[in-house]
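Me: I am new to this structure and would like to learn how to read it. Can we go through a few features in turn?

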Amino acid sequence: MTRIELDQITHVYVTEREAKLALDSISMEVEAGEFVSLVGPSGCGKTTILSMIAGLLQPTKGEVRLAGEKVTSPSSQVGYMLQQDYLYPWRTILANASIGLELTGQLSEASLLATRDLLAEMGLAGTEDAYPQALSGGMRQRVALVRTLATNPDLLLLDEPFSALDYQTKLQLEDLISDTLKKQGKTAILVTHDLSEAIAVSDRVIVLDKNPGRIRKTFEVPASIRDVQPFHAREQQGFNDLFNEIWGELDDSGGKR
Ligand SMILES: Nc1ncnc2c1ncn2[C@@H]1O[C@H](COP(=O)(O)OP(=O)(O)OP(=O)(O)O)[C@@H](O)[C@H]1O
């Protein structure tokens, strides 16, 4: 299991026109097995943070560490899931779900069998030989989740993975991801613009400010909300109060705009 540390991270994007201070001295820790959400106004640096944890971008100053090791390049320990499913239309569902195994040299009979099992766990049994165009948006996003989990990463980075889905599918997928990650003891960071989703799936919600990106405030989600499935979390006592409290912080950070 992977513990994440961001130690005094500053990032400046340099373009022909300007030097943009995107993140200013951000420090945070995510414990192994913890599920943390990042919320904040558009442009506050959420994706920049994920890119650094994924090893796709090096901070201008500071250090990111995974399980105590400085991140200098992408690692197979880390799975990244995005808003778009990026399934290849010419590959079958099984071939799409197993592409990460192929790219990392882990393709074997056993790993393919495990991928089939994962597809079945996600309610996708029988779709293995179909092509992505035959599947609904929610099913395709489940295939993307299987593809992310198939290489067995310790850490999942989820960049608005539910935002393109209809509300009902989104709730179902939140439950599925939350269940799966809890069962497997994975560490996860979710970026989302949906505050109720952040509260429903997370152990902690971190609110960011923008210009420059900084941590504004961190909220612990109480056990009464954490310990039930995301769908029912929204009905728990205290959910609305926490929502309103975080919403107030988002308002002050410009997050509602
Ligand atoms: N490649 C880049 N070159 C220059 N500036 C960039 C680049 N990527 C991001 N930025 C700037 O850095 C800041 C943070 O961007 P980032 O995409 O991390 O924010 P975000 O919080 O994920 O935004 P959103 O919620 O809209 O996805 C923004 O001001 C953005 O314009």
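Me: How many nonpolar, polar and charged residues does the shell around the ligand have?

Reply: This is a predicted model. By class, its ligand shell has three nonpolar, six polar and two charged residues. Among the residues around the ligand are Tyr-13, Lys-20, Gly-45 and Thr-48. Two or more residues each come from β2 (19-30) and α1 (46-53).

Me: Which element gives the most to the shell around the ligand?

Reply: That is α1, with three residues.

Me: What should I know about strands, and how do β1 and β4 run?

Reply: In a regular strand, side chains alternate between the two faces of the sheet. Here β1 (residues 4-14) and β4 (residues 61-66) run antiparallel and are joined by five bridges. Asp-7 stands opposite Glu-63 in β4.

Me: How many residues lie between β4 and β5 in their hairpin?

Reply: There are two residues between them, and Ala-67 in the turn has a positive phi of about 45°. Two bridges join β4 to β5 (residues 69-70), again antiparallel. Leu-66 has Glu-69 in β5 as its bridge partner.

Me: How are two packed helices described?

Reply: By the angle between their axes and the distance between the axes. Helices α5 (residues 137-150) and α6 (residues 167-184) pack at about 20°, with axes 10 Å apart. Angles under 35 degrees count as roughly parallel, so α5 and α6 are roughly parallel to each other. The crossing of α5 past α6 is right-handed.

Me: Which residues in α5 and α6 meet?

Reply: Gly-137, Gly-138, Gln-141, Arg-142 and Leu-145 in α5 meet Thr-169, Gln-172, Leu-173 and Ile-177 in α6. The residues of this contact divide into three nonpolar, five polar and one charged.

Note on methods: Residues numbered from 1 in each chain as written. Predicted model: local features only at pLDDT ≥ 70, side-chain atom pairs only at ≥ 80, totals over all residues. Near = placed C-beta within 6 Å. Helix = DSSP H or I, 4+ residues; strand = E, 2+ residues; numbered from the N terminus. Nonpolar A, V, L, I, M, F, W, Y, C, P; charged D, E, K, R; others polar. Pairing = 2+ DSSP bridges. Axes fitted to C-alpha atoms, helices over the stretch in contact; angles between N-to-C directions. Parallel < 35°, antiparallel > 145°, perpendicular 65-115°, else oblique. Left-handed = near helix turned anticlockwise from the far one by under 90°. Contact = placed C-beta atoms within 7 Å.
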